[in-house]
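Please look through the sequence and the model shown here before reading the explanation that follows.

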Amino acid sequence: MTAIVLRNYQKQAVTATLNHFRQSQESAIIVLPMGSGKSLVIAELARLARGNLLVLTHVQELVEQNHAKYEALGFTAGLFSAGLGKRQTQEQVTFASIQSIANGLTEFNQQFSLIIIDECHRVSNKDDSQYQQVISTLRERNPSLMLLGLTATPYRLGQGWIYRYDYRGFVRETNHAVFDHCIYELPLSQLIREGFLTPPVCIDAALHHYDFSSLIAVDHQHQTQALSHLLRKYPRVTRAITEEVVELAKSRRGVMLFAASVEHAKEIYRYLPEQQSAIITGSTDRQSRQNLINAFKQQQLKFLVNVSVLTTGFDAPHVDLIAILRPTESVSLYQQIAGRGLRLYPDKKDCLIIDYAANGFNLFSPEIGSPKPAADTEAVQVFCPLCNFANIFWGRRDEQGQVIEHFGRRCQGLTFQGENKRQCHYRFVFKECPFCNHENDIAARRCEHCDNVLIDPDDILKRALSLKDAKVMRCAGISFETDQQRLIVIYHDEQGDTLKEAFDFSYTKSRHRFNEQLGRRMYMGSKSFNSLDEVFQLEAQFKHPDFVIAKRQGHFWKIEEKLFDYQGRYRKANQLY
Ligand SMILES: [Zn+2]
Ligand SMILES: [Zn+2]
């Protein structure tokens, strides 16, 4: 029997798992990037398991690979996969594909005590999915069944985070997470630093590139259509990019090009040297796909164009140039693509990763957990004024690098009350309950504290618009002036019209009102102001309301209501539609 020699972080992942399941039966995940040797971690966990263990994954290659790794260490395990023609059900450890196990559970008469799911971001949170059905059937047989997932990306596009509590002390904003805890995560940067992966050289293409930013606003269904429409606008760009890639490839061994659509892939393929290139799309049949991949791995082919089929599980270590010609919706997806070029290979010093799609992702930046709201946004750090947790949200900075805006809604810090952990209740944006003043999520219909129905901001606007003596301003900006100790707040609309209100800072009550109405709404979290100087120092950080409602009083307009963080039918200032 070969002793398992684990790398440091692999040991840490195993220890974290043992510690977790000794204390808790709640499900957990471990996050390990590609190239970190996940199958070795699985093998060690299998070796240490006392009860029966089932290792599941969705692709046959991975079932085979994990099984082989385990048996290479001198252990015996069952293999259960229709595709591999194996239906072994009597071993303590079984490696299986989810499709086969979903149809063949009755063949097992044993109880499992632990399920390990590799590539666990593939587990859907829908009750009728194969994974969920297998898990619930096995849980009926053994109520104390434990569940561990492994993945490189704990995030599922369109569904969000796949777990809720993070061992580093925060909560993931998620509705219906499949897993409870993340108990260990190894950052990609550490793997590279320690020499287990090839260093990337990431470049944003300067000369020839696409601009896919208009696609952000398009919903998923219409993406393909909008995409081909957009690509037709770039007849020369695709050719220029491909020529540039071919030129750069002269000093490279293997090149992968990621296209945006089948049509696009075919176009790219046309510009590549015919004898050295191949194209793989979703409709390439299994056999030709295998042949092409083999030829590419053996370096008989140099260029491989594909449309979102070779992101995970594909392994050609010699790849040293990645060209991204497609929009990528998340950091995770960008990392998966770039990761194809980071494997170690003899004499490979680096991997060139060129982004021709202006995705603007940093390979090492964390996943934010929501799609990028606009092309010019980036990951920014925002401290919670209540618990001090450093949140990472999408946001914008000014020229000095100061965060001036962000899209976070609620603090993700974890707070403890005795044994109970809870998400910090601080909200950066909120809808205030008029009955109990509780701060609710902006999408909430009812107050989560007193259960009263929250007034729809559209009703407020509709009502105000119908009144003769009222004015509804679509607010585009805010500025301050002083009049001795009085602070004049000026709200501006798109046409240059203004509405004003004053807060007298020599009165506690007036100061308090200012802090409640405007200080509480600061981008970087609420602040309490005692002097006009303090207000002017942070002038740029004040958020303007989306609508200001005023009522005529003689010759003046008196501001009655301000609507912040509006979501509804009416157009906001500077919104195109
Ligand atoms: Zn907090
Ligand atoms: Zn309430």
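**A walk through the predicted model**

Strand β14 (residues 254–258) and strand β16 (residues 303–306) run parallel and are joined by four bridges, and in β16 the bridge partner of Phe258 is Asn306. This is a predicted model, in which local features need pLDDT of at least 70 and side-chain atom pairs count only at pLDDT 80 or more, whereas totals for chains, interfaces and linings use all residues. Residues are numbered from 1 along each chain as its sequence is written, while chains are lettered from A and ligands numbered from 1 in the order in which they are written.

Strands β14 and β16 belong to an open sheet of six strands, ordered β13-β18-β17-β14-β16-β15, in which the pairing is parallel; two strands pair if DSSP finds at least two bridges between them. At the edges stand β13 (200–204) and β15 (277–280), each of which pairs on one side only, and from one strand to the next the twist averages 15 degrees. Across β13, β14, β17 (319–324) and β18 (351–355) lies helix α11 (residues 331–339), which runs at about 145 degrees to β17. Such angles run from 0 to 180 degrees between N-to-C directions, and axes are lines fitted to C-alpha atoms, for helices over the stretch in contact.

Parallel pairing is also found around strand β12 (residues 179–185), which is joined to strand β1 (residues 28–31) by four bridges, with Ile30 standing opposite Tyr184 in β12. Strand β10 (residues 163–166) likewise runs parallel to β12, to which three bridges join it, and Tyr163 has Phe179 in β12 as its bridge partner.

The packing of helices can be followed in two pairs. Helix α8 (residues 235–248) and helix α9 (residues 262–271) pack at an angle of about 50 degrees, with their axes 9 Å apart, and α8 and α9 are therefore oblique to each other; angles under 35 degrees count as roughly parallel, over 145 as roughly antiparallel, 65 to 115 as roughly perpendicular and the rest as oblique. Where they face each other, Thr238, Arg239, Thr242 and Glu243 in α8 meet Glu267, Ile268 and Tyr271 in α9, two residues being in contact if their C-beta atoms, placed from the backbone, lie within 7 Å. In the second pair, the axes of α2 and helix α3 (residues 60–72) come within 9 Å and cross at roughly 55 degrees, which makes α2 oblique to α3. Here Ser39, Leu40, Ile42, Ala43 and Ala46 in α2 meet Gln65, Asn66, Lys69 and Tyr70 in α3.

A nonpolar core is a set of buried Ala, Val, Leu, Ile, Met, Phe, Trp, Tyr and Cys residues joined through C-beta atoms within 7 Å, and a residue is buried if 20 or more other C-beta atoms lie within 10 Å of its own. The largest such core has 106 residues, and those with the most contacts inside it are Ile29, Ile116, Leu257, Ile322, Ala323 and Leu325. Helix α2 (residues 38–48) gives the largest share of this core, six residues. Apart from this core lies another, of 21 residues, among them Leu461, Leu487, Phe505 and Phe529. Not counting residues up to four places away in sequence, Leu257 touches Val245, Ile268, Phe303, Val305, Ala323 and Leu325.

For the chain as a whole, 35% of its 577 residues count as buried. The chain has 14 helices and 30 strands, which are DSSP runs numbered from the N terminus (helices H or I, at least four residues; strands E, at least two).

Definitions and conventions
Buried ≥ 20, exposed ≤ 12 C-beta atoms within 10 Å, placed from the backbone.
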